[in-house]
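Me: I would like to go through how the two chains of this model pack together. Could we start with the terms?

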Amino acid sequence: MKHNSVNQIKLELESRSVNESFARAVVAAFAAQLDPTVEELSDIKTAVSEAVTNCIVHAYPNNCGRVWITVIIHDSGLVRIRVRDKGCGIPDITKAREPLFTTAGEERSGLGFAVMESFMDRVHVRSAVGVGTTVTLEKTIRGRSGGLNDAG
Amino acid sequence: MPVQFIYDDQTLTALLSGEIDHHSAAFLRQILDESIAKFRPSKLILDFDAVSFMDSSAVGLVMGRYRCVDAYGGAIEVLNLTPKTLRMMRLSGLQSLAVLRGKVSGGKNE
């Protein structure tokens, strides 16, 4: 299926935990143009919250860095969210994506990627140690009306 | 106040509310642990009925409280999870450590 981009936002924020709720609220508010169900919106909020938390906990463990979020919505109902950092990077992506694997103490469940995968259609991770990580989340919104509303 | 406590007959019920993420979990952890230390309940009930959002940080929060209570022989129950949050808790294997209950369908929120 061909996906034509119809609208896009870019957001840059500091990796402070207080920004987690802000980030997911912004993405959800933007995705609301596709007339998603409450359930679909909640899935997106949860996945974004996981990705942004990873930046704060893992990418910049000892300092405050920058996080860039791009959201593109398409006429097909596809939402593509990219969460990018210039943090420490992931040495072993396969390992990092395993449920219950965590390198963080402080009561992290190790479920971040498992939850993203469970709530989105597709999760793609690109990372280089010392350079940073980009997580791409995709979900096609079926919506309350079953398709695109009037995002044009 | 994102948590209200009810203590009765060795059971401490914590009524959680609002959004639980990595940021808010730090504060919740602190006040839950203060209350657990004070009462040392034989059963801790975490009621998610008024929780409007949670990510996997809430799973970590429950696992951590399980460890606190289990350390002195107490038990833990998690109530009023939505189907999605119940699924998230089960991804962690928590169902073998704690009683997990979903919202009753036809109840006030479903």
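Reply: A salt bridge here is a side-chain nitrogen of Lys or Arg within 4 Å of a carboxyl oxygen of Asp or Glu. The model is a predicted one.

Me: Which residue forms a salt bridge with B:E19, and how far apart are the closest N and O atoms?
Reply: The partner of B:E19 is A:R24, and the closest N and O atoms are 2.6 Å apart.

Me: What is the count of salt bridges between chain B and chain A?
Reply: There are seven salt bridges between chain B and chain A.

Me: And what area is buried between the chains?
Reply: About 1900 Å² is buried between chain B and chain A, with carbon and sulfur atoms giving 50% of that area. In terms of residues, 21 of chain B are in contact with 25 of chain A.

Me: How do helix 4 of chain A and helix 3 of chain B cross?
Reply: Their axes come within 11 Å and cross at roughly 140°. The two helices are therefore oblique to each other, and the crossing is right-handed.

Me: Which residues meet there?
Reply: From helix 4 of chain A, A:A114, A:V115, A:S118 and A:F119 meet B:K84, B:R87, B:M88 and B:L91 of helix 3 of chain B. By class, this contact has five nonpolar, one polar and two charged residues.

Methods: Residues are numbered from 1 along each chain as its sequence is written. Chains are lettered from A and ligands numbered from 1 in the order in which they are written. This is a predicted model: local features need pLDDT of at least 70, side-chain atom pairs count only at pLDDT 80 or more; totals for chains, interfaces and linings use all residues. Side-chain values use heavy atoms; hydrogens and water are left out. Axes are lines fitted to C-alpha atoms, for helices over the stretch in contact, and angles run from 0 to 180 degrees between N-to-C directions. Helices (H or I, at least four residues) and strands (E, at least two) are DSSP runs, numbered from the N terminus. Angles under 35 degrees count as roughly parallel, over 145 as roughly antiparallel, 65 to 115 as roughly perpendicular and the rest as oblique. A crossing is left-handed if the near helix is turned anticlockwise from the far one by less than a right angle, and right-handed if clockwise. Contact means heavy atoms within 4.5 Å. Ala, Val, Leu, Ile, Met, Phe, Trp, Tyr, Cys and Pro count as nonpolar, Asp, Glu, Lys and Arg as charged, and the others, Gly among them, as polar. Buried area is the accessible area (1.4 Å probe) that two parts lose on being put together, summed over both.
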